[in-house]
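Please look through the sequence and the structure below before reading on. The report then takes up a few topics in turn.

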Amino acid sequence: MPSDFAPISALLILSVAVSLIIVFISRLLGPFHPTTRKLSPYESGMQPFGEAIRRIPVKFYRIAVLFILFDVEVIFFLPWAVVFRDFKLYGLAVMGVFFFVLMIGFVYEWKVGGLEWD
Amino acid sequence: MDITIESLVFLIFGALTLGAGVLVVTSRNLFHSGLYLMMSLFGVAGLFVLLAAPLLAGFQVVVYIGAIAILIIVAIMLTPGLTQIKTLFNEQWMVNLAAAVIVFLVLVSVITPLMDDVGVDNWNADFTEDHPKAVAADSMTTLGEQLVDPDYFMLPFEVASVLLMAAMIGAVLLVNPGQAEDESVVPPEGEEV
């Protein structure tokens with residue numbers, strides 16, 4: 001039932017409201033005299049240079065792809081975990097095959113050094 | 001038309017989805033587009049909840065917002081210079097607009113009895129209270145049972161693991177190609193070719 005999600009929507013509304021209140025209260029009650037220097041991003045007292053958004057090494061892409069894969073794997077675990085007691089050993093075997101095939105990929109990745117940063 | 005809580009929530013999430021979607025394609029900073037895409041996907045998750053499909057909503061948050069949007073942002077941050085482009089360079093506004101209008105008209109014609117009035121039969125989807133049937137409340141349990149049932153999705157479920165394994169190996173090979181390949185290009189140090 002969608003009404004089951006009422007607590008989640010309450011949480012959403014509260015978190016949005018609280019963050020808005022925090023932003024606006026500090027603006028309302030605190031002094032506000034902006035200068036170019038004050039508005040510039042703080043970089044440990046150094047002159048800021050370059051763009052804030054930099055190119056990142058391709059290694060991060062590998063991490064992101066691996067994260068997606070394990071994420072999808074968890075998604076398959078969820079509905080299975082709800083019922084696996086009813087199916088006893090058979091349910092465990094079905095997930096075992098699924099998990100074993102994934103572990104082949106994981107062990108390969110580990111051996112090749114896919115989990116090393118350098 | 002009286003406004004129920006459900007229709008109000010639908011309006012909020014519909015506006016969130018569409019508004020963030022418009023910002024995705026009009027934002028001048030590609031990085032911001034990626035963030036707006038997350039917002040739009042979140043609106044879709046809310047719509048899934050309204051459609052009594054909480055499982056899909058959860059998957060939407062975990063997989064799409066949690067993983068795929070992150071992958072898209074990482075891919076944006078890999079590209080040189082794309083984050084610095086300050087002008088829109090889409091020159092296919094007209095084609096996109098035409099496609100959007102056509103899809104919208106088809107949807108309207110399916111949902112409303114418009115085509116029946118013109119005389120085309122079997123075009124209207126004919127939605128009523130009981131058709132399509134409401135999603136079962138224990139959809140999670142049903143999905144779990146059918147995932148391990150050989151008559152339903154057991155085989156696709158196992159094949160999915162092969163697909164995931166292939167993607168895992170592909171990701172590793174893509175980023176650091178195999179050592180054998182490296183040695184064929186660059187000879188190891190201290191050796192004469």
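## Basis of the description

This is a predicted model, in which local features need pLDDT of at least 70 and side-chain atom pairs count only at pLDDT 80 or more, while totals for chains, interfaces and linings use all residues. Residues are numbered from 1 along each chain as its sequence is written, chains are lettered from A and ligands numbered from 1 in the order in which they are written, and side-chain values use heavy atoms, with hydrogens and water left out.

## Chain B as a whole

Chain B has 8 helices and 0 strands, where helices (H or I, at least four residues) and strands (E, at least two) are DSSP runs numbered from the N terminus. Of its 193 residues, 26% are buried, a term that stands for under 20% relative accessible area, with exposed meaning over 50% and partly exposed in between (1.4 Å probe, protein chains only).

## A residue on the surface

B:F104 lies in helix 4 of chain B, which covers residues 93-111. This residue counts as exposed because its relative accessible area is 54%.

## Two packed helices

Helix 3 of chain A (residues 59-83) packs against helix 7 of chain B (residues 154-175) at an angle of about 170 degrees, with the axes 9 Å apart; the axes are lines fitted to C-alpha atoms, for helices over the stretch in contact, and angles run from 0 to 180 degrees between N-to-C directions. Helix 3 of chain A is therefore roughly antiparallel to helix 7 of chain B, since angles under 35 degrees count as roughly parallel, over 145 as roughly antiparallel, 65 to 115 as roughly perpendicular and the rest as oblique.

Where the two helices meet, the residues from helix 3 of chain A include A:L66, A:L69 and A:F70, and those from helix 7 of chain B include B:L164, B:M168 and B:V172, with contact meaning heavy atoms within 4.5 Å.
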